[in-house]
Amino acid sequence: MNIHQKYILRCIELGKKGLGTTAPNPMVGCVIVHNGSIIAEGFTSPYGGPHAEVNAINAVKDKKLLSEATLYVTLEPCSHFGKTPPCADLIVTHKIPEVFIGLRDPHEKVAGKGIQRLQDAGCKVTVGILEAECREHHKRFLTFQEKKRPFIILKWAESQDGFLAPLKNKRETQPEPYWISNRYSKQLVHQWRSEEQAILVGTNTVLEDNPQLTTRDWAGKNPIRVVVDRNLKLNADFKVFDVSAKTLVFHEDNENAKRHEGVAYATLDFSKPLAQQICDALYKNNINSLIVEGGSKTLQTFIDEGLWDEARVFMGPVRFENGLPAPHFKGSLKSTENILSDTLFIYGRD
């Protein structure tokens, strides 16, 4: 690994500090180097705030050094006015002579224009440093820009013998959620929720488990709760309709159905593939990442339509012998981790 790759790797580490707060903006990391030493670092502020390059440049105490410095950044500096001014213009204003970029930005308002702006000003630009690593880091943003849908994470817990839950009669004696995984895995799930923009469940999951779908066991923002409730059968007493987080309900067009105050509603055509319609609606609402937490039918819908990017599967120590089968899917195992009695498998879609 050469020195330029090491600096970009540091940019990726910095960018991760923005996970869960920058969306729909990318979580960019930036490093400024002068005479072989890092003189400033920055990462993207929560949405609406300064970008990584701005934070890094502002952190330089002696701005005169910038005209002799090199800037490293995970993603092409923006060239357009949004909630903040163009980062490329700020780099040019401070006469930074050389910039190393991990990845070209596919956003239609950038897409090479930031690079061109720097080059037109006489800046030497190198693109493609640790490009694969930067793509992995920016997977949510890139999926949203290139595939016009959110980055989709499927999540469930299954028994040693491949069931999501025991038989219905056993569940009726224990109406609360039947926990397969341990409390440490549960806390990790709450951390994941804080990192993504939205979380989705179907009607049956709400009826049977009454989940709140928040980050109660982790310090972080709550995701937008998305519920598929075709016939609007869920009453206002369920936790997904409390005031702890925003809720969006997808349903079949029914003007006479009762709606709950403070809840957003959108219609789907249930005679057509649902996952694609949900993705289209979330894309229009600028949501670039989604966790699908269940139930089995909802998870399988996304799998069958090929609309998923990552599956996070907990296997607990219990055996049910019979019950609700776990979803069927094909994917490449990316990692395995033991969490006390549980094993976490993370798959990528082939």
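This briefing covers the strands, nonpolar cores, aromatic pairs and selected residues of one predicted model. Local features need pLDDT of at least 70, side-chain atom pairs count only at pLDDT 80 or more, and totals for chains, interfaces and linings use all residues. Residues are numbered from 1 along each chain as its sequence is written, and side-chain values use heavy atoms, with hydrogens and water left out. Helices (H or I, at least four residues) and strands (E, at least two) are DSSP runs numbered from the N terminus.

- Strand 10 spans residues 247-251, and five of its five residues are buried (under 20% relative accessible area; exposed is over 50% and partly exposed lies in between, with a 1.4 Å probe and protein chains only).
- Burial applies to both faces of strand 10: T247, V249 and H251 lie on one side, L248 and F250 on the other.
- Strand 9 (residues 224-228) runs parallel to strand 10 and is joined to it by four bridges; strands pair if DSSP finds at least two bridges between them.
- Within this pairing, V228 has F250 as its bridge partner.
- Strand 11 (residues 264-267) also runs parallel to strand 10, again with four bridges, and V249 stands opposite Y265 there.

**Nonpolar cores**

- The largest nonpolar core has 37 residues, and I32, L71 and Y72 have the most contacts inside it. A core is a set of buried Ala, Val, Leu, Ile, Met, Phe, Trp, Tyr and Cys residues joined through side-chain atoms within 4.5 Å.
- Elements giving two or more residues to this core include helix 1 (3-15), strand 1 (29-34), strand 3 (70-75) and helix 6.
- Helix 1 gives the most to this core, with five residues.
- Apart from this core lies another, of 31 residues, among them V228, F270, L274 and A281.
- Beyond its neighbours within four places in sequence, L71 is in contact with C30, V31, I32, I57, I91, I96, E98, V99 and F100 (contact means heavy atoms within 4.5 Å).
- In soluble globular proteins, nonpolar side chains tend to be buried together.

**Helix 10**

- The buried residues of helix 10 are L274, A275, Q277, I278, C279, A281 and L282.
- The cover over these buried residues includes strand 6 (151-158), strand 8 (198-202), strand 9, strand 10, strand 12 (289-294) and helix 11 (296-304).
- After helix 10 comes N286, which has a positive phi near 65°.

**Aromatic rings and charges**

- There are eight aromatic pairs, counting rings of Phe, Tyr and Trp (its six-membered ring) with centres within 6.5 Å; planes under 30 degrees apart are stacked, over 60 edge-to-face and the rest tilted.
- The pair of F144 and Y283 is tilted because the ring centres are 4.6 Å apart and the planes are at 40°.
- This pair links distant parts of the chain, with F144 in helix 6 (residues 139-147) and Y283 in helix 10 (residues 274-284), 139 residues apart.
- F144 is buried, because its relative accessibility is 5%, whereas Y283 is partly exposed at 27%.
- One aromatic cluster is formed by W156, W308, F329, F345 and Y347.
- The charged end of R259 sits over the ring of Y265, 5.5 Å from its centre, and that of R312 sits over the ring of W192 at 4.6 Å. The rule is NZ of Lys or CZ of Arg within 6 Å of the ring centre and within 35 degrees of the ring normal.

**Selected residues**

- E310 lies in strand 13 (residues 310-315) and is buried at 3% relative accessibility.
- The side chains of E310 and K334 are joined by a polar contact of 3.2 Å (a pair of N or O atoms within 3.5 Å; within protein, one must be able to donate a hydrogen and the other to accept it, and residues adjacent in sequence count only if both atoms are side-chain atoms).
- L14 is in helix 1 and is buried, with a relative accessibility of 3%.
- Between L14 and A281 the C-alpha distance is 31 Å, at a separation of 267 residues in sequence.
- P106, in the loop between strand 4 and helix 4, is partly exposed, with a relative accessible area of 28%.
- Leaving aside neighbours within four places in sequence, P106 is in contact with A111, F141, L142, Q145 and E146.
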